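Good morning, and thank you for coming. Please look at the structure on the screen while I describe how its side chains are arranged.

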Amino acid sequence: MPVLGIETSCDETAAAVVGEDRRVRSNLVLSQLVDHAPYGGVVPEIAARRHVDQIDSLVLKALSEAGLGFGDLDAVAATAGPGLIGGVMVGLMTAKAIAVVHRKPLIAVNHLEAHALTVRLTDDVPFPYLLLLVSGGHCQLLVVSGVGRYRRLGTTVDDALGEAFDKTAKLLGLGYPGGPAVEKAAAEGDPRRFSLPRPMLGRPGCDFSFSGLKTAVRTTVEALGEPTWQDVADLCAAFQAAAGDVVADRVVRAAADARQQHPDLRHLVVAGGVAANAFLRQRLEAVAETGGLTLVAPPPRLCTDNAAMVAWAGIERLRAGLLDDIAVAPRARWPLDADAAAGAKA
Amino acid sequence: MNILAFDTATAACSAAVMAGGRIVAHRFELREAGHAEHLMPMVEAVMEEAGLGYRDLDRIAVTVGPGTFTGLRIGLAAARGLAIAADIPVLGVSTLETLAATAFDMAMKSGATVIAAIDARRGEVYAQAFEADGNPASSPAVLSLADAAALAAGKDTVLVGTGATLLAPLIEAAGGTARCGEGPGLPDAGVLAEIAARRAIVPGVAPPAPLYLRAPDARLPATAPQRWPR
């Protein structure tokens with residue numbers, strides 16, 4: 001029962017074929033990093049232009065690597081949001097076209113749901129589980145109690161965690177994307193040399209805030225004048241330690257909150273691009289152990305944006321009978337939980 | 001020859017099927033937004049009305065631009081998706097040529113120049129000039145209103161497209177005569193199909209890409225984003 005997945009919501013053009021047996025038959029990602037790096041961030045119009053040039057041939061390649069034709073597919077799944085709308089449209093239109101020609105079900109996948117369900121592709125994790133979703137655009141804690149059933153416990157009130165990494169990297173001249181660069185520099189630094197704030201630490205609720213941390217990094221950089229490599233490394237280590245403390249604190253609270261409704265909660269899952277950060281994984285490992293939870297993190301290549309997760313979300317939705325009409329609209333904003341507060345960051 | 005043609009390049013959405021040399025199904029609607037939702041149901045409707053399956057098609061025709069960047073990508077992603085799925089070639093036609101094709105009858109009688117022009121905002125138009133016999137007299141370009149009006153070169157001119165009313169007074173002021181073409185001045189898939197029917201398809205050529213005419217609106221930062229590692 002293979003499903004084709006298409007992902008074009010940010011700066012990766014991706015196509016993949018995944019079977020219901022959880023076999024990833026192909027998983028292709030064309031990164032646009034070199035196109036965006038000179039700008040210090042993703043330029044939406046450049047991203048959209050790359051997607052439309054590449055997605056059709058990438059889909060053919062994904063099928064050919066999987067050893068399948070369009071007719072062998074059981075459904076076509078594409079990210080329909082949230083994300084950079086120009087790119088989302090490209091992937092969704094491609095999926096619609098394939099679906100009408102081959103009379104296959106279309107599944108318009110929420111990109112966040114794809115991240116949220118990836119762990120069920122890679123590991124035997126039953127519902128419910130506590131999910132920390134951390135990426136360049138998102139930072140939230142959710143209880144996942146079924147396909148399409150998400151309850152948000154907390155989210156960021158300003159920057160996403162990946163955004164905070166990117167902005168820190170930018171302030172320090174580490175280039176784009178910032179996450180891997182900050183992590184690498186931090187490995188050579190002393191986290192105790194600079195004292196940075198831990199926003200939200202100890203506060204009730206499970207929300208995040210990272211703008212104060214970012215500001216503190218900026219002030220420190222400015223005070224340093226012309227930072228040396230050791231300054232940069234130490235500051236990265238301090239930033240990462242502070243971010244880790246905040247995330248750990250929020251997760252502990254979220255676990256307590258989630259357990260009230262789900263006493264059987266056993267797993268803490270981390271997903272999204274920032275889940276590729278090894279330091280953060282270590283912190284979460286410790287937090288999970290203390291809280292009697294098992295941490296499960298999909299491998300980094302399935303945490304950063306990819307289409308295998310979209311195909312898998314397609315399989316989960318197909319099983320649940322959650323199909324979409326050919327007129328389905330792409331969505332720039334699309335919170336996972338239907339009752340999310342208006343204006344809150346998706 | 002069976003052709004499916006559609007256009008989402010500007011403030012309209014249209015689809016048509018040509019079979020046996022005539023248009024057998026056709027839809028056209030004015031539409032500022034929502035092309036991504038409305039295009040495929042419209043395509044399904046014309047295909048059903050024509051009684052054709054996608055693999056009965058010999059070619060797909062799509063407008064490649066100029067137009068709204070998003071609109072171009074919606075049309076091209078759909079066309080290229082249909083092409084790989086049904087294994088049929090896609091033919092890209094410029095929106096300016098599609099617009100101009102509606103004005104040649106009017107221009108032929110007097111040997112007038114045809115200027116197709118699409119309002120590109122910011123005081124500019126996407127424009128191209130054609131001889132009355134259909135041959136292009138300039139390349140598609142994004143031009144100031146003055147430069148676009150100068151394409152008329154003082155000759156009798158038929159203007160077509162949303163830029164027509166912007167250029168007409170300038171051409172008249174320069175001593176030329178300018179008439180506006182009939183209809184809404186927006187590309188139509190029926191006209192597109194007729195152009196596509198006359199065109200040869202070169203096997204093995206890369207599928208058509210958007211004709212944006214403008215670079216992405218992005219500026220490089222003053223200082224290089226990456227200073228480390230040194």
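Predicted model: local features only at pLDDT ≥ 70, side-chain atom pairs only at ≥ 80, totals over all residues.

I begin with A:Tyr129, which counts as buried because its relative accessibility is 0%. Buried means under 20% relative accessible area, exposed means over 50%, and partly exposed lies in between, with a 1.4 Å probe and protein chains only.

Residues are numbered from 1 along each chain as its sequence is written, chains are lettered from A and ligands numbered from 1 in the order in which they are written, and side-chain values use heavy atoms, with hydrogens and water left out.

What is the partner of A:Tyr129? The ring of A:Phe127 has its centre 5.9 Å from that of A:Tyr129, and the planes are at 15°, so the pair is stacked. Rings of Phe, Tyr and Trp (its six-membered ring) pair if their centres lie within 6.5 Å; planes under 30 degrees apart count as stacked, over 60 as edge-to-face and the rest as tilted. A:Phe127 itself counts as partly exposed, because its relative accessibility is 25%.

A search of the whole structure finds five aromatic pairs over all chains. One of them joins B:Phe104 and B:Phe130 edge-to-face, with 6.0 Å from centre to centre and 75° between the planes. This pair links distant parts of the chain: B:Phe104 belongs to helix α4 (residues 104-110) of chain B, and B:Phe130, 26 residues apart from it, to strand β7 (residues 124-130) of chain B. Helices (H or I, at least four residues) and strands (E, at least two) are DSSP runs, numbered from the N terminus. B:Phe104 is buried, as its relative accessibility is 16%, and B:Phe130 is buried with a relative accessible area of 3%.

Rings can also face a charge. Which rings does A:Arg49 sit over? Its charged end sits over the ring of B:Phe69, 4.7 Å from the centre, and A:Arg49 also lies over the face of B:Tyr212, at 3.6 Å from the ring centre. A charge sits over a ring if NZ of Lys or CZ of Arg is within 6 Å of the ring centre and within 35 degrees of the ring normal.

I turn now to the cores. In soluble globular proteins, nonpolar side chains tend to be buried together. A nonpolar core is a set of buried Ala, Val, Leu, Ile, Met, Phe, Trp, Tyr and Cys residues joined through side-chain atoms within 4.5 Å. The largest one here has 84 residues, and A:Val59, B:Leu4, B:Phe6, B:Tyr54 and B:Leu82 touch the most other members. Its largest share, twelve residues, comes from helix α2 (residues 69-86) of chain B. A second, separate core of 55 residues has among its members A:Leu132, A:Leu161, A:Leu196 and A:Val251.

Residues up to four places away in sequence aside, A:Val59 touches A:Leu4, A:Ile6, A:Ala15, A:Phe70, A:Ile98 and B:Ile84. Contact means heavy atoms within 4.5 Å.

How does α2(B) pack against helix α1 (residues 35-50) of chain B? The angle is about 35°, and the axes are 10 Å apart. Axes are lines fitted to C-alpha atoms, for helices over the stretch in contact, and angles run from 0 to 180 degrees between N-to-C directions. B:His35, B:Ala36, B:Leu39 and B:Met40 of α1(B) make the contact with B:Ile74, B:Gly75, B:Ala78 and B:Leu82 of α2(B). B:Leu82 is also among the core residues that touch the most other members.

Finally, the backbone. The peptide bond from A:Gly81 to A:Pro82 is cis, with omega near -15°, and A:Pro82 is in the loop between β4 (75-81) and α3 (85-102) of chain A. Another cis peptide bond joins A:Tyr176 and A:Pro177, with omega about 0°; A:Pro177 lies in the loop between α5 (161-171) and α6 (178-186) of chain A.

A:Met200 is not a glycine, although its phi is positive, at about 75°. A:Met200 is in the loop between α6 and α7 (211-224) of chain A, and is buried, with a relative accessible area of 15%. B:Leu213, also not a glycine, has a positive phi of about 70° and counts as partly exposed at 28% relative accessibility.
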